Structure formats: structure tokens, C-alpha cells
Amino acid sequence: MIDDIRSACDEALAAVASAHLDVVDQLHAELLGKRSHLSGMKAKLGSLDAEERRVAGSALNQAMASVSAAIDERRAQAQRAALEARIDAERLDLTEAPPVGRRGHLHLVTQAWEQLEDVFVGLGFTVAEGPEVETDWYNFEALNMGEGHPARGEFDTLFVGRSDNELPGESGILLRTHTSPVQIRAMLAQEPPIHIVAPGRVFRRDTPDATHMPVFHQIEGLVVDRDITMADLAGTIEAFTRAFFGEEFTSRLRPSYFPFTEPSAEFDVRRPDGSWLELGGCGMVHPEVLRAGGLDPEQWSGFAFGFGIDRMAVMRHGVSDIRDMYVNDIRFIEQF
Ligand code: DAH
């Protein structure tokens, strides 16, 4: 009997292995169901004596269990095969067709933006972001330009009202006039040491002309740590100048005034021909600004800088009218 069971089991396993995947579901009934060979043998167990029945019964149970497991495995195989077939059938060829005619590229302002990020990341900065819609507090108050500060007048601010009958400015919500509010957000978000640059879009209520746009781009820098000095600022500006423009360029700082830095400076870049180019503002972070950022000015010091990205692109490419960059005339755009 044991031999019969063994050969019936082998036969059943062979049937499973060679069964076509479509008929897997019928295998169970066929090989283990009432009419199956193995079930038939089970019925015969009754005619055996006790010891034989125990041995044969256990062999039969094992045989049926292994056939059942083989069927399950075959079913899983069938399901995998069906899935693969479906994936194959539904596959879409999304390969890009080779460009016909013109090929697109990044806008020249985007190129300048990305190159600036690359250079600053190379100098150890990380890139931070802030919202374009800001509050009066971040854009002015925390930057040492409280209500009534004369410097506010230099920023022709676009205000966002909460309701139609609200006067401009009443809601305290505005389109950021510079990227400097990101300084405050960075200080509030992370412990020093801080080394960030924050490129982004800024807005001013300006009529477009050859040198002004109401929407433009700036990049802000902020470093806060212990014992940061003006020498660190000058060294960073110089390292940036050489990395971005080339080794034949150098930089200088000129005394200036900004409410959020003390002392403040303007920085210029010297071209190989000896001419100087005004680039942006910078200085040592004002103690009030550190305080607004939640830092103790007795313990921490820092420097900041900010300059226009669009101006940078204009200077690099000798564009005479800044508006040309935004009209998006393809004949202009594709030159860069
Ligand atoms: N936020 C200034 C502007 O828009 C530029 C600026 C000047 C940024 C000095 C700075 C700075 O971080 O230190 O005119």
C-alpha cells in the first residue's frame, strides 16, 4: 500500500508540475477530490489492520498535504504569470521622441539662480526657502524696521488684503519686498551655526522700465555662529566673487546703511578691465535682528548679504533692458 501511495503521490505531483496554468483551479478537485486516486486509497484504509492503517494513513496524509502545497505553489506561479502578462499588455512606451526643430532650455534667470546656488553650496551653505506672501512682522518689524521707520518707504510694498473693504496694509499681509525675511525664519527654525542662502522671488510696486521690474529675484545669505566678524563677511564675498565670476575678479566693501545690519556695506566686484560693478548689500546682523530670531546677541554674531539675481543675469550677458528677459520673445530667449 505504501508503494501505491508513493507512486500515486508522485503521479499527482507530476500532474501539478506539468498542469497548464489555466487549469490550476481544477487541480484540487482532480487530484484531491472525492473521485481522485488518493481519496480512493483513503477509502481503502478501512480494510487494513490497525498497525498498517496507522502507517498507511499517515503516509497518505503526508502525500495529500504535499500535493496540496504543490497546487498552491502552482497557483501562485499562475497569478504571477497573469500579472506579468497584464503589465506587458498595458505597457506604454513613454520614451521621448527625438526633438524636432527647437529644443528648450532653462531661462537665463533660472540659469543664474542655479549657478549661484551651486557656488554657495560649494562654499558650505545650504539652500533655504521662505513664503512669497509674508507678514509685516517678518518683512519689516523683525528686520529692525518697525512701523514708522523711514526705510520702509524705500520698499514700494504690495499689500494683500483679507477683505475688499480693508485698506492696503491693514491686514499686515504683503508680498515680500526682499528675501531678508528668510533670515528670521532660518534663525527661528534652527540652532546656530547657520549657513544658508535663500534665493527667491520678490515684489515691489514699481512701473517696469529698463532697470526695474515689479517682480524680480534676489538671493539672501546668512551666517550665524560664535565670534563671526566683518573679516568672515569680506572673505566670503571674495571667495564667492572668484568662484562665480572667475579668478580674475575681486571684490570690495563700501560703507553703507541698512536697518538690519550694523555696520552695513555695499559690495562691488572689480572686473578684469578695472571697472567696478555694484552688486548688493551686506553687513553684520543687527543685534535687534538676532533677538527677533530668538538669539542672544551676547552669544551669537553673524553676517548677511543680499543681491539681485536678475541684475546678475543682465550683467553677465550684457542685456540692456531687463524687461527683455520677461517678454519671452523666443528670438531673445533662445540666445542664452
Ligand atoms: N534686503 C536688501 C534689499 O532688498 C538687500 C540686503 C542688504 C540684504 C543688506 C542683506 C543685507 O542681507 O545685509 O535691498
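Predicted model: local features only at pLDDT ≥ 70, side-chain atom pairs only at ≥ 80, totals over all residues.
User: Where does the ligand sit?
Analyst: In the largest pocket. A pocket is an open set of points on a 1 Å grid over the protein atoms alone, where a 1.4 Å probe fits, with protein on both sides within 12 Å along at least five of seven lines. A molecule sits in one if more than half of its atoms lie within 2 Å of its grid points.

User: Which residues come nearest to the ligand?
Analyst: His-178, Ser-180, Arg-204, Gln-218 and Glu-220, out of 16 residues around the ligand. Being near means that a heavy atom of the residue lies within 4 Å.

User: What does His-178 do there, in terms of distance?
Analyst: One of its polar side-chain atoms lies 2.9 Å from a nitrogen atom of the ligand. An N or O atom in the side chain of Ser-180 is also 2.9 Å from a ligand nitrogen atom. For Ala-304, a backbone N or O atom lies 3.3 Å from an oxygen atom of the ligand. A polar contact is a pair of N or O atoms within 3.5 Å.

User: New topic. How many salt bridges are there?
Analyst: The whole structure has 17, each a side-chain nitrogen of Lys or Arg within 4 Å of a carboxyl oxygen of Asp or Glu. One of them joins Asp-268 and Arg-252 at 2.9 Å, N to O. Asp-268 lies in strand S8 (residues 261–270) and Arg-252 in strand S7 (residues 250–258), so the pair ties together parts 16 residues apart in sequence. Strands here are DSSP runs (E, at least two residues).

User: Which peptide bonds are cis?
Analyst: One joins Pro-192 and Pro-193, with omega about 0°. Another runs from Glu-262 to Pro-263, with omega near -5°. Pro-263 is in strand S8.

Definitions and conventions
Residues numbered from 1 in each chain as written. Heavy atoms only, no water. Polar contact = N/O pair within 3.5 Å; in protein donor to acceptor, adjacent residues only side chain to side chain. 1 Å grid on protein atoms, 1.4 Å probe; cavity = no way out; pocket = protein on both sides within 12 Å on 5 of 7 lines; lining within 4 Å. Helix = DSSP H or I, 4+ residues; strand = E, 2+ residues; numbered from the N terminus.
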